[in-house]
Amino acid sequence: SFFKKIQKIFFWLKGNIKQTFSNYEIFQIFKNNKLILLYLIQNKILEIDQSIFNEMIDQNDTFQYLEYFLPEVKSFLLSKKYTEIKDDIFMNENILISDDQTNPIYDEKRERGENGHYICHIIQNDFIDEFVSYVNQQCVPLSSTIKPSIFETNLFLLKQTNTTLIEYATFYGSIQIFNFLRMNGVEINRSLWSYAIHGRNPEIIHYLEKVTYLKTMKKEVLHESMKCYHHELTEYIINNYYNENEEINKDVKFLNFSYF
């Protein structure tokens, strides 16, 4: 329900946003989240013009704007480039885009804003039986990485390179798949802590406390919890890993007013 709440806020502020900010400024504010940009475009709060299209090209390697917003940027693309992008979508996502109409599966995955590959869908929902069956039938190594998807909109995941299956399961708090992977020899390391803060699963967090050393990276993990507004984790880290005389840098850049 999180994004539905965000949509209601934008709908309520629609007039103020358009009155206060230019089209280009609106894009600059929200450019890190394709899902929000899509909502703004659909509700005519934002319009893709030449200047925004140029920005999308400059940052396409990270965000894959052109693939995600293909219907909206089609008029700005040369026919050769448009065909290349359609071919890339078909090759990487197995979705065929026609010239005269959109594909409902493409639209649905854009609206979800999550990695569209089947194994990711399984992990997102912690479908353990389907996961075991899939990795066995497809001979997927349990230490393998997640294939990137144009439909991914989470900035944390977009910034990661070569996210492993266990990192992805940790991010989603998928405890059954997490336990299956660790019990089958997948390495548990400190990189999982940031994913665990996002996943917010107490069982995973307590397991990581037993097998990894948090104290040397407590500042990084604390800041991740503040950025996520996961207050119960922020307080847990402060209470258990900081002493009374230790200074805590409650960084205000995340606009988490609880810690100003």
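## Overall layout

A helix here is a DSSP run of H or I that is at least four residues long, and helices are numbered from the N terminus. The model is predicted. The protein chain holds 18 helices and 0 strands. Its C-alpha trace spans about 55 × 50 × 30 Å along the principal axes. Of the 260 residues in the chain, 45% count as buried.

Ala 169, in helix 13 (residues 165-171), is one of the buried residues, since its relative accessibility is 0% and the cut-off for buried is under 20%. From Ala 169 to Phe 156 the separation is 13 residues in sequence and 14 Å in space, taken C-alpha to C-alpha.

## The largest pocket

Helix 1 supplies the largest share of the lining, with 6 residues. Sorted by class, the lining of the largest pocket contains 17 nonpolar, 10 polar and 10 charged residues.

## The second largest pocket

The second largest pocket has a volume of about 320 Å³. It is lined by 17 residues, with Pro 148, Ser 149, Leu 157, Leu 158 and Gln 160 closest to its centre.

At least two lining residues come from helix 5 (60-63), and at least two from helix 12. The class counts for the second largest pocket are 5 nonpolar, 9 polar and 3 charged residues.

## Salt bridges

Side chains of opposite charge can pair when their charged atoms come close. With a cut-off of 4 Å between a side-chain nitrogen of Lys or Arg and a carboxyl oxygen of Asp or Glu, the count comes to 4 salt bridges. Among them is the pair of Arg 110 and Glu 72, whose closest N and O atoms are 2.9 Å apart. This pair ties together parts that are 38 residues apart in sequence, because Arg 110 lies in helix 9 and Glu 72 in helix 7 (residues 70-73). Arg 110 is buried, at a relative accessible area of 5%.

Another salt bridge joins Arg 200 to Glu 232, with the closest N and O atoms 2.7 Å apart. This one links distant parts of the chain, 32 residues apart: Arg 200 sits in the loop between helix 15 (192-199) and helix 16 (202-211), and Glu 232 sits in helix 18. Arg 200 is partly exposed, with a relative accessible area of 39%, and Glu 232 is partly exposed too, at 41% relative accessibility. A further salt bridge pairs Glu 114 with Arg 112, and here the closest N and O atoms are 2.6 Å apart. Arg 112 has a relative accessible area of 44% and is therefore partly exposed.

## Residues with positive phi

Most residues other than glycine have a negative phi. Asn 94 is not a glycine, yet its phi is positive, at about 60°. Asn 94 falls in the loop between helix 8 (79-93) and helix 9. Its relative accessible area is 61%, so Asn 94 counts as exposed.

Asp 126 likewise has a positive phi, about 55°, without being a glycine. Asp 126 is placed in the loop between helix 10 (118-124) and helix 11 (128-137). Is Asp 126 buried or exposed? Asp 126 counts as buried, because its relative accessibility is 14%.

## A nonpolar surface patch

Tyr 229, Val 252, Leu 255, Phe 257 and Phe 260 make up a nonpolar patch on the surface. Together these residues have about 560 Å² of accessible area.

Tyr 229 lies in the loop between helix 17 (218-227) and helix 18 (231-241). Tyr 229 is partly exposed, with a relative accessible area of 38%, and so it passes the cut-off of over 30% that patch residues need.

Key:
Residues numbered from 1 in each chain as written. Predicted model: local features only at pLDDT ≥ 70, side-chain atom pairs only at ≥ 80, totals over all residues. Heavy atoms only, no water. Patch = residues over 30% accessible without salt bridge, like charges linked within 9 Å, V, L, I, M, F, W, Y side chains within 5 Å. Areas by Shrake-Rupley, 256 points an atom, 1.4 Å probe, with all protein chains shown as cover. Buried < 20%, exposed > 50% of the residue type's maximum accessible area, 1.4 Å probe, protein only. Nonpolar A, V, L, I, M, F, W, Y, C, P; charged D, E, K, R; others polar. 1 Å grid on protein atoms, 1.4 Å probe; cavity = no way out; pocket = protein on both sides within 12 Å on 5 of 7 lines; lining within 4 Å. Points joined across faces, edges and corners; volume = space filled by probe spheres on them.
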